[in-house]
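Have a look at the sequence and the 3D view, then read on.

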Amino acid sequence: MLGFLTARQAGLDDPLRLRRAESTRRVLGLKLNPDRDVDRVHGNGVNTIDIDAIEGKHMLSGGADGVIVIYDLENFSGKPQYTCKAVCTVGRSSRYVHKFSVETVQWYPYDTGMFISSSFDKTMKVWDTETLKPAEVFEFEGNVYSHHLSPIARKHSLIAVGTQNPKIQLCDLKSGSRIHVLHGHRGEILSVRWSPRYEHILATASADSKVKVWDVRRASGCLFTLDQHNGDKSKASSEAVNTAHNGRVNGLCFTGDGLYLLTTGTDDRMRLWNSATGENTLVNYGKVCNESRKRLQFTVSHGCSPEFVFVPCGSSVAVYALHSGELVTMLRGHYNNVDCCEFHPDYQELYSGGKDCNILAWVPVLRASDVEEETSRENKGAAGQSSVNPAFQDAWSSDED
Amino acid sequence: MNRKRALISDAFKVKKRRNGPEQFGADADGDGPTDIRSTLEYLMTLFPRKLFNDALPQIVLKHQLYSIHHDKTLVDKEVNKLRERGELLMFQLGFDAEAFGLVFALDYKTKVLAGEEGKVTRAAVEKFLEKAVSSCTDLSFSKDKMLTEFLFTDSEITQLVKSGVLTVRDAGSWWLSIPNSGKFTKYFIQGRKAVLGMVKKSKYSEILKADIEERRTTSQVKFHMKYHIHDIVGAELVESIPTTSGTLLRFVDS
């Protein structure tokens with residue numbers, strides 16, 4: 001680490017390199033911290049979480065009971081012990097609450113004044129954060145598994161919605177219209193994701209084992225379908241031609257730069273694809289346990305080298321190195337299945353939520369304070385942990401000398 | 001390639017190096033292309049030739065390599081390199097979509113031709129081995145490919161299927177296969193089930209690797225115990241945990 005610092009100081013290295021090195025070091029040290037807690041508000045499992053992209057200050061979570069909670073993640077108290085408080089909730093008592101479980105929540109990408117949630121009660125609601133009332137409600141014919149609003153779009157404000165219906169609906173946020181439909185899949189759409197690199201590219205994953213990549217400006221079908229054998233038709237049985245997985249595909253995630261796409265499927269495999277050509281990079285992650293019947297929310301780190309993938313695997317979160325496929329570590333801490341996880345890019349923290357109604361915060365292990373510092377603090381302070389400036393401390397002694 | 005600057009990932013060892021139990025090749029971290037080859041040769045020695053009266057070439061499963069070398073992507077790349085050079089052949093064994101069998105090309109050719117001695121189908125098989133197997137690395141062949149590219153006739157294809165070199169995949173396409181490998185598949189699945197049962201029945205469904213190798217095998221297990229252990233570890237049917245008393249195998253409930 002000192003090598004990186006001196007190289008940066010001397011100008012031998014780009015400043016970005018030091019930043020990446022420190023981010024990587026922090027991600028490798030992720031652990032459950034007894035000091036950091038998230039308020040436990042959900043009475044039922046946590047299905048989805050989202051951290052707002054602009055400030056990274058607020059986190060949304062959607063639960064299996066239809067409750068949506070907003071937490072404040074920033075720690076301004078000055079003490080290391082901090083509980084992320086719930087700022088406001090859309091609870092069961094609210095008139096507009098979802099009737100069944102909330103499957104996906106997402107902040108409006110440009111500010112936290114609005115967020116969108118979709119649920120198994122076949123609706124998608126666009127909420128005003130100030131009043132916690134839905135500004136718009138979209139109704140569908142089947143359970144809504146997943147929706148996504150493009151994080152970089154300037155020319156359109158389309159929300160892609162994946163439901164039980166094999167047709168992907170694109171709803172326009174500005175006008176409220178939903179005439180744009182994408183045809184091509186044959187099974188329910190379990191996950192949809194916009195590319196973080198090009199605002200018109202959309203990837204969709206379906207229960208028919210296929211993943212399709214679309215350009216929404218094109219009237220004809222999809223751009224390409226991901227094929228796990230890269231066109232080598234001889235490798236699999238003939239029904240498995242042109243499939244991304246040998247089972248339902250239930251998780252999609254683009255890497256931060258949008259160049260690669262990760263997919264997970266119920267065949268217990270995770271695959272890394274080149275998002276421009278649709279080629280399977282054949283990175284072998286081994287067995288990534290996956291039994292989810294719905295969407296699996298997993299995430300990729302941002303700003304590290306090498307990048308890491310955090311995948312919920314049973315009751316723990318597995319951390320893999322993105323391009324080499326090796327398992328770095330398993331983060332254990334949940335009491336039941338983990339359903340979702342989200343990475344906070346500024347602080348290199350991971351938040352994961354699961355069926356045990358907890359959201360756990362995995363924080364990089366800070367340097368443990370030296371023994372010297374502790375004893376000096378004991379000598380000065382009268383009662384335990386006082387963070388009073390020594391200049392304000394009473395130096396008066398009662399000893400008559 | 002000579003790097004002037006180290007990679008960031010090298011500065012922080014992504015995986016802690018454990019001074020775990022030394023296994024054959026366990027600490028080999030991609031020492032070179034020959035390493036996979038020597039691992040393959042070691043695994044081939046575990047294959048029981050006598051059981052099949054020397055009629056079958058030595059078969060190793062691709063996931064057995066994963067239990068020895070920990071970087072799966074590297075293993076895949078090396079195996080593909082060997083296949084492209086024509087030294088190794090890969091077969092779809094049929095009982096699992098992900099279980100691929102690996103055989104050295106020379107072994108395969110000698111055994112198949114030896115098996116064809118004095119049979120009617122010999123000429124077709126020879127032609128097939130020369131043309132199709134040597135030139136292309138596919139696992140399966142479709143009808144038009146056989147007719148147009150390799151110029152086989154329908155009757156020749158029937159002879160190939162009869163001899164066991166091709167197995168039916170679906171209407172109009174065939175898998176490349178090893179003749180008389182049905183017995184192998186049967187004993188293999190039997191043995192795998194028995195070994196997994198042994199692990200499952202142990203207290204807490206876990207057993208030290210050294211212990212299970214010592215155990216007396218039932219008549220169901222016809223292969224060498226180590227062959228089965230590499231198989232179940234590589235296929236991730238059991239978890240391999242390093243402990244102070246050696247490697248522990250714990251049954252994975254899926």
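In chain B, 61% of the contacts with a separation of 6 or more are between residues 24 or more positions apart, where contact means heavy atoms within 4.5 Å. This is a predicted model, so to speak of local features we need pLDDT of at least 70, side-chain atom pairs count only at pLDDT 80 or more, and totals for chains, interfaces and linings use all residues. Residues are numbered from 1 along each chain as its sequence is written, chains are lettered from A and ligands numbered from 1 in the order in which they are written, and side-chain values use heavy atoms, with hydrogens and water left out.

Let's stay with chain B for a moment. Its secondary structure comes to 11 helices and nine strands; helices (H or I, at least four residues) and strands (E, at least two) are DSSP runs, numbered from the N terminus. Of the 254 residues in chain B, 47% are buried. Here buried means under 20% relative accessible area, exposed means over 50%, and partly exposed is in between (1.4 Å probe, protein chains only). Chain B has an accessible surface of about 13,700 Å², and carbon and sulfur atoms hold 50% of it; the areas come from the Shrake-Rupley method with a 1.4 Å probe, and for residues only the protein chains shown count as cover.

Now for the place where the chains meet. The size of an interface is often given as the accessible area lost when the parts come together. Chain B and chain A bury about 2,400 Å² between them, with 50% of it on carbon and sulfur atoms; that is the accessible area (1.4 Å probe) the two parts lose on being put together, summed over both. Chain B brings 27 residues to the contact and chain A brings 34 residues. Six residue pairs are in polar contact across this interface (both at pLDDT 80 or more), a polar contact being a pair of N or O atoms within 3.5 Å; within protein, one must be able to donate a hydrogen and the other to accept it, and residues adjacent in sequence count only if both atoms are side-chain atoms. On chain B, α1 (8–11), α4 (72–84), β2 (88–92) and β5 (166–170) each supply at least two residues of the side that touches chain A.

How many salt bridges are there between chain B and chain A? The count is one, out of 22 salt bridges over all chains. A salt bridge is a side-chain nitrogen of Lys or Arg within 4 Å of a carboxyl oxygen of Asp or Glu. Three of them are set out below.

| Pair | N to O distance |
|---|---|
| R17(A) and D13(A) | 3.1 Å |
| E41(B) and R37(B) | 3.3 Å |
| R269(A) and E98(B) | 3.4 Å |

The R269(A) and E98(B) pair crosses between chains, from strand β22 (residues 269–274) of chain A to the loop between β2 and β3 (100–104) of chain B. E98(B) is partly exposed, at 31% relative accessible area. By contrast, R17(A) and D13(A) are both buried.

E41(B) and R37(B) sit four residues apart in helix α2 (residues 34–46) of chain B, about one turn of the helix. E41(B) is partly exposed at 39% relative accessibility, and R37(B) is partly exposed at 27%. Salt bridges that share partners link R37(B), E41(B), R85(B) and E87(B) into one network.
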